[in-house]
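I opened my notebook to record what I looked up in this structure. The entries follow in the order I made them.

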Amino acid sequence: NRNGSDNQAQIIYLIGGAYLVRSDKQHWQFLNRLAITTGCQIIVPLYPLLPQYDFTVAYQFLLQLYTETYNQVAVSNITLMGDSAGAGLAAGFCEYLGQRGLPQPGNLVLISPWVDATLNSPLIDRYVEKDVTLDPDGLRHIGRLWAGKADPHDYRVSPLYGDVHSLRRVMVFTGTHEVMYPQTNDFVRKLRQQGVQVDYHIGRGLFHIYPLYDIPEAS
């Protein structure tokens, strides 16, 4: 939705789906609730996905969209938000903005972010049985494809390994029953060590992208 005044707060929402899948009914129901609750204008870009594209094309697309947006509204009125792979892309993109000396969005909101395409943590094995939706081996394969010719540890693909000092006002959600949980903890710890303001919400006993579901814990 791009209707509304130029001064209206805007959310650029990057939908998850392992860089392969477009939005589903769950996303649109959540985004409708989000628009009603916040009163924000919500932009849902259809960024380039696998198998046709890798992250480099997605970044070019997002840079153009983000530049157009902050040329229209105060950057402090922009929230960059995403879930799962979309949240990983949002985090990496904000690190990329920092590398280029470009302004950060006023807020960065990450829901169950995929911050390491390689899922390279021994702690992940403890969460595989609890996580009924995500397969680490399949995700690692997708991560290599998304990296294209780059190293999958490149911060633009795996923001856990990037420079986070330029990020500002980050909100993070994760559940304790998902394989993303251990490395989300690592990412939040890194943000705090760099002096970044972080509001961290841990859903005890909850699942991947739980805030998207119409449950009491998501409110």
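A note on terms before I start: I call a crossing left-handed if the near helix is turned anticlockwise from the far one by less than a right angle, and right-handed if clockwise. Helices (H or I, at least four residues) and strands (E, at least two) are DSSP runs, numbered from the N terminus.

I am working on a predicted model, where local features need pLDDT of at least 70, side-chain atom pairs count only at pLDDT 80 or more, and totals for chains, interfaces and linings use all residues. Residues are numbered from 1 along each chain as its sequence is written, and side-chain values use heavy atoms, with hydrogens and water left out.

**Entry: two helices**

I looked up how helix 2 passes helix 3, and the crossing is right-handed. Two packed helices are described by the angle between their axes and the distance between the axes. Axes are lines fitted to C-alpha atoms, for helices over the stretch in contact, and angles run from 0 to 180 degrees between N-to-C directions. The axes of helix 2 and helix 3 cross at roughly 70° and come within 11 Å. So helix 2 is roughly perpendicular to helix 3. My cut-offs: under 35 degrees is roughly parallel, over 145 roughly antiparallel, 65 to 115 roughly perpendicular, and the rest oblique.

Which residues make the contact? Helix 2 gives Tyr59, Leu62, Leu63 and Tyr66, and helix 3 gives Leu89, Gly92, Phe93, Tyr96 and Leu97. Contact means heavy atoms within 4.5 Å. I sorted these residues of helix 2 and helix 3 into eight nonpolar, one polar and no charged. Ala, Val, Leu, Ile, Met, Phe, Trp, Tyr, Cys and Pro count as nonpolar, Asp, Glu, Lys and Arg as charged, and the others, Gly among them, as polar.

I found an open sheet of six strands in the order 2-1-3-4-5-6, with parallel pairing. Two strands pair if DSSP finds at least two bridges between them. Strand 2 and strand 6 (198-203) are the edge strands, and each pairs on one side only. From one strand to the next, the twist averages 15°.

Strand 1 and strand 3 pair in the parallel sense over five bridges. I picked out Leu14, whose bridge partner in strand 3 is Gly82. Helix 3 packs on the sheet and touches strand 1, strand 3 and strand 4. Its direction makes about 140° with that of strand 3. Helix 1 lies across strand 1, strand 2, strand 3 and strand 4 (107-111). It runs at about 165° to strand 1.

Most residues other than glycine have a negative phi, and most peptide bonds are trans. I looked for exceptions. Ala18 has a positive phi of about 60°. Ala18 sits in the loop between strand 1 (10-14) and helix 1 (25-38). Ser84 has a positive phi of about 55°. Its place is the loop between strand 3 (78-83) and helix 3 (85-99).

Is Ser84 buried or exposed? Ser84 is buried, with a relative accessible area of 8%. Ala18 is buried too, at 17%. Buried means under 20% relative accessible area, exposed over 50%, partly exposed in between (1.4 Å probe, protein chains only).

A cis peptide bond joins Leu50 and Pro51, with omega about 0°. Pro51 is in the loop between strand 2 (41-43) and helix 2 (55-70).

**Entry: Ala147**

Ala147 lies in helix 4 (residues 136-147). I noted that Ala147 is buried, with a relative accessible area of 1%. Leaving aside its neighbours within four places in sequence, Ala147 contacts Phe55, Pro152 and Val157.
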